[in-house]
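Please look over the sequence and the model shown below before reading on. The paragraphs that follow lead from one part of the chain to another.

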Amino acid sequence: MDSELNILLNSIKEKTGIDITVFAESMKYVVGTGDNVKPVAPSDPEFETIYADAANRCTFFRMKYKNARLIGMINGTGETEKNYAYLILNLIENSSNRELQLSQSEYLKMILLGECNRPQVQKYMRKYSVPALETYVMVVANKDNKNADIINVLRNFSTNTADSALEMEEGIAVFVKFIDEASDNEYQSAAEYAGFLQQSILEETAAHVSIAVGGRVASLAEASTSYQQAMTTLRMSTAMNSKGEVHTFKEFILVKMLEDIPKFKLNEYLEILLDSDAKSVFFDEEMLNTAEEFLENSLTMSETSRKLYLHRNTLMYRLDKIERSTGLNIRKFSDAMTFRLITYLIKLRG
């Protein structure tokens, strides 16, 4: 209890700047945010809830935390301190009560949103027998409002008893995947497994979904990082009009790095890379779609021709035109990367 309460008190101090000391009813020191705190008995030991103790120049308040009856103390005895005392005891008691009343899905949702500290995550893991395995999070987006059906499919096709599926909001379901090498060796990667799930959801529910895969983390305690990565991947794949239904955070590391650059710098880079002739390609939907399809198909002429229903000669003509206008021969990997970089910069600029 002490470590969890200490984390909570420090969080309150960060928001209010107030040092808080907590004692047992016997006035034995329990935990606090200040240094060298000595137990101070209230002048009126029979006080009920809030007591402004002028003799000790501090305000005491009684509270209950996880079935333990405690006494809190802050410096000062004015109306402001009394109001803070009420605020602090309510925050502490509500934190304790909320955790007790949460369902498993609500608890896990709080973990994914980063609203739980490490001791609270560990408590969840103990309570629901969650193994200390590496984890990653998939965000499953759908426009058909079929979260319930999608979650059923995810649960049916999970490969580990600890895997969990839940609804985050309308049109957004989440699948928390625990990596068990013994049961997961059927799939080479998280993206391959996500592709299997995407196809299974389509067959079982007729729902067209997009799946964004966050990075692999050490345990459930870091799952909020993977969830944020998955949400970033979903946002970026939509903004970039990326082809396909499954995307991973690693695909968009470059985009995330570019997004973090100030807008004026992005414009400077575009001025260097984008001359007037090049604009005729990057703002031509047909030419841009041809180039994107070529890049998506690993610079393969035959596959791109098949996907676009184009004669090979027509495709060659368009690639030659792109090279003449931009100076980039996207048949070469290095030039293809530069072309992709320019498209990212244009889309980020908006």
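In the hairpin of β1 and β2, which residue takes a positive phi? This is a predicted model, and in it the residue in question is Met 27, whose phi is near 70° in a hairpin that has 4 residues between the strands.

Although Phe 23 and Gly 72 are 49 residues apart along the chain, their C-alpha atoms are separated by 6.3 Å. Is Phe 23 buried or exposed? Phe 23 counts as buried, because its relative accessibility is 0%, and the cut-off for that word is a value under 20%.

A further hairpin is formed by β3 and β4, with 4 residues between them, and Arg 57 in the turn has a positive phi of about 55°. Strand β3 covers residues 50-53 and strand β4 covers residues 58-65, and the two pair in the antiparallel sense over 4 bridges; in β4, Cys 58 is the bridge partner of Asp 53.

In what order do the 5 strands of the open sheet lie? The order is β7-β8-β6-β9-β10, and the pairing is mixed. At the edges are β7, residues 164-169, and β10, residues 246-248, each of which pairs on one side only. Neighbouring strands of this sheet are turned by 25° against each other on average, when direction is ignored. Within the sheet, strand β6 (residues 135-142) and strand β9 (residues 209-213) run antiparallel and are joined by 5 bridges, and one of the residues to look for is Val 139, whose bridge partner in β9 is Ala 212.

Helices lie across this sheet as well. Helix α8, residues 223-239, lies across β6, β7, β8, β9 and β10, and runs at about 35° to β6. Helix α3, residues 104-112, lies across β6, β7 and β8, and runs at about 70° to β7. In α3, the residues Tyr 107, Leu 108, Met 110, Ile 111 and Leu 112 are buried, while the helix is followed by Gly 114, which has a positive phi near 75°.

How much space lies in the largest pocket? About 650 Å³ lies there, and of the 23 residues that line this pocket, the closest to its centre are Glu 292, Leu 295, Glu 296, Arg 340 and Tyr 344. The elements that give two or more residues to the lining are α12, residues 285-296, and α15, residues 333-349, and the largest share, 7 residues, comes from α15. Sorted by class, the lining of the largest pocket has 10 nonpolar, 6 polar and 7 charged residues.

Terms used:
Residues numbered from 1 in each chain as written. Predicted model: local features only at pLDDT ≥ 70, side-chain atom pairs only at ≥ 80, totals over all residues. Heavy atoms only, no water. 1 Å grid on protein atoms, 1.4 Å probe; cavity = no way out; pocket = protein on both sides within 12 Å on 5 of 7 lines; lining within 4 Å. Points joined across faces, edges and corners; volume = space filled by probe spheres on them. Nonpolar A, V, L, I, M, F, W, Y, C, P; charged D, E, K, R; others polar. Pairing = 2+ DSSP bridges. Axes fitted to C-alpha atoms, helices over the stretch in contact; angles between N-to-C directions. Contact = heavy atoms within 4.5 Å. Buried < 20%, exposed > 50% of the residue type's maximum accessible area, 1.4 Å probe, protein only.
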